[in-house]
Amino acid sequence: MPGSPDAFPTIGILGGGQLGRMTAMAAIRLGMRVRFLAPKPAGPMEGLGETIVADWTDPEVLLDFAAPCDVVTVESEWAPAERIPPLALEEVGVWPDPATLHVIRDKGLQKATLSEAGLPVPDFALCATRDDAFEAAERFGYPVVLKRFRGSYDGYGNATAADADELSAGWERLAEDDGLLLEAWAPFVRELAVLVARRPDGEHVTYPVAFTEQRDHRCHAVVAPAGIEEAVTEQARRVALRAVETVGGVGITAVELFEMPDGRVLINELAPRPHNTGHYTIEACHTSQFENHVRAVLGWPLGDPSLRVPTAAMINVIGRRTGEATPRGLTEALAVPDVSVHLYGKREVRPGRKMGHVTATGTNAVETRFRAERAAELIHL
Ligand code: ATP
Ligand code: MG
């Protein structure tokens, strides 16, 4: 059982990407064993423990995978944790709860759940038909944002429509059998993110509010602290915690927020796992998001999430070509002072693929971000 004083726990991770990799590294540092299950070979999980590549939707595969584990967690909301047979659940904890994954996976159900709980979200409509979408867009006013209910990430399933023609084109391109989520465009002043680490018994800690900047709908930069007014900080933390409690999040849950011109915050979306906007916590906080994810799913004492440096900046290292990854530019990047480089072990580079990240720490936010940008720019995998 988790927490047994006589055995080092084994943590099972569904998924073989960078989030699983960094979670595993935190678990290994605490002396744990790690097992991965992924549907196809993945560089990031290699060399970190037992790796199983198999059909992860097969209950027998899941049973074999889960049996030696004390706890099973996910590195993606798409991991089929709900297929773990009930037999395994008598012995093994599965966190986050598959019910939480179910709510978060569907952007429509997620928005409706948060809104019903009285949490602030942009105006939205669950549109089954084109006519529903036109009606909602008229009601909200253009521009509007169309989002696939399921399966999108890094903005791939989204489109912004400035007028009826663009709405029509977006609907054609994105709509699935059950339609699309339509949101009013939120004229935010900036985007923020808050991570909450929460245990099965509800104990929790909340990370500092971070500023996030997307490029091509993809996270590019994260700066912590966000450098915003105290009232906005407090509101962001309060809203984030209530959102996580509403969906019953366990482990790390990330809350993406819009700060509006009037100082209100709206929730964009949740992620039931460690998140790109929390990578800075490895170097910049007393306890990283990955370690607190591990501690939380085991029901162990949570670590201090506060900053141990005045400021930190994280920049993603994104693929810029297609081919086999090489460490080109790594040594140059390592020469930049007070910068940590993380590469994810992905063998193949593709334009837009998240290959790694760099975090700089320092005392001045502008100078620190500049150093992080410079180091990331030097790396050409
Ligand atoms: P990711 O995987 O990067 O989180 P995603 O595919 O899940 O992305 P969203 O988070 O829904 O997509 O949207 C991506 C980005 O698009 C947001 O971070 C924000 O910059 C912009 N965006 C999304 N919804 C709205 C909105 N209603 N108003 C304004 N901008 C929006
Ligand atoms: Mg998002």
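This is a predicted model: local features need pLDDT of at least 70, side-chain atom pairs count only at pLDDT 80 or more; totals for chains, interfaces and linings use all residues.
How many nonpolar, polar and charged residues does the shell around ligand 1 have? By class, 7 are nonpolar, 5 are polar and 7 are charged.

**View 1. The shell around ligand 1.** Ligand 1 is surrounded by 19 residues. Lys147, Asp154, Gly155, Glu191 and Glu269 are the closest of these.

**View 2. Polar contacts of ligand 1.** An oxygen atom of ligand 1 lies 3.1 Å from a polar side-chain atom of Asn158. The side chain of Glu256 also has an N or O atom 3.1 Å from an oxygen atom of ligand 1. At Ala186 the contact comes from the backbone, with an N or O atom 2.8 Å from a nitrogen atom of ligand 1. On its own, ligand 1 has 610 Å² of accessible area, and the protein covers 91% of that area.

**View 3. Elements and domains around ligand 1.** Ligand 1 lies between domain 2 (123-184) and domain 3 (190-378), because both give residues to its shell.

View 4. The whole structure contains 0 disulfides. Cys219 has a relative accessibility of 9% and so counts as buried. Cys127 is also buried, because its relative accessible area is 2%, under the 20% limit.

Terms used: Residues are numbered from 1 along each chain as its sequence is written. Chains are lettered from A and ligands numbered from 1 in the order in which they are written. Side-chain values use heavy atoms; hydrogens and water are left out. A residue is near a molecule or strand if one of its heavy atoms lies within 4 Å of it. A polar contact is a pair of N or O atoms within 3.5 Å; within protein, one must be able to donate a hydrogen and the other to accept it, and residues adjacent in sequence count only if both atoms are side-chain atoms. Accessible areas come from the Shrake-Rupley method with a 1.4 Å probe; for residues, only the protein chains shown count as cover. Ala, Val, Leu, Ile, Met, Phe, Trp, Tyr, Cys and Pro count as nonpolar, Asp, Glu, Lys and Arg as charged, and the others, Gly among them, as polar. Domain bounds come from an automatic or database domain assignment. A disulfide is a pair of cysteine sulfur atoms within 2.5 Å. Buried means under 20% relative accessible area, exposed over 50%, partly exposed in between (1.4 Å probe, protein chains only).
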